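Hi,

I'm passing this one over to you, as promised. Have a look at it below, and then read on for my notes.

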Amino acid sequence: MPGNEGLLAYLSRFPDEATCVEQVVKTRWADLGPICRSCGDAGPWGRDERSLRVRCGSCGGGVDLTEGTVLQDTKLSLRTWFLAAYLLDTDRRSTTVAGLARILGVGPEAARSVRDRIALALASPGGRRMFGLMREEVREREREPHVMRH
Ligand SMILES: [Zn+2]
């Protein structure tokens, strides 16, 4: 359960694709940001706005931001995933594949895949953190509602 945080409060923490990407990056690499596998540098990174890959400014090597996570190779927006994660975390039993497909505006196959992958993610603290669903994060935000955090 995501504390007492409602859907609107959750979505206001992740209002756009960029904040979702930032959350995934923060979860995977803490404050360091992505580390290039080829040269070990930590940026600067070039980024295609529409893709979840960044390119190392030092050696040109690519890093897939979602590699090794349940989001790997997804064609859906991260906001779609975050919304699904919230719904499944809040009320898994009544969130059916058909219902999820309607809410997300995707086909049943995609909805089933999203549901199965999110179930995996929600089973681990790292996965829950990646979708911003850890209790301490929610409480932290409630204590400091006006502070911008990075
Ligand atoms: Zn590099």
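**The strands around β2**

Strand β1 (residues 45–47) pairs with β2 in the antiparallel sense, over three bridges. Strands here are DSSP runs of E, at least two residues, numbered from the N terminus, and two strands pair if DSSP finds at least two bridges between them. Before going further: this is a predicted model, where local features need pLDDT of at least 70, side-chain atom pairs count only at pLDDT 80 or more, and totals for chains, interfaces and linings use all residues. Residues are numbered from 1 along each chain as its sequence is written.

On the other pairing, β2 is joined to strand β3 (residues 62–64) by three bridges, and these two run antiparallel. Arg 53 has Asp 64 in β3 as its bridge partner. The two strands form a hairpin with five residues between them, and Gly 60 in the turn has a positive phi of about 85 degrees.

As for β2 itself (residues 53–56), Val 54 and Cys 56 make up its covered face, while Arg 53 and Arg 55 are on the uncovered one.

Arg 55 counts as partly exposed because it has 16 C-beta neighbours inside 10 Å; the cut-offs are 20 or more other C-beta atoms within 10 Å for buried, 12 or fewer for exposed, and partly exposed in between, with C-beta atoms placed from the backbone. Leaving aside neighbours within four places in sequence, Arg 55 is in contact (C-beta atoms, placed from the backbone, within 7 Å) with Trp 45, Gly 46, Gly 60 and Gly 62.

Best wishes

Terms used: Helix = DSSP H or I, 4+ residues; strand = E, 2+ residues; numbered from the N terminus. Contact = placed C-beta atoms within 7 Å.
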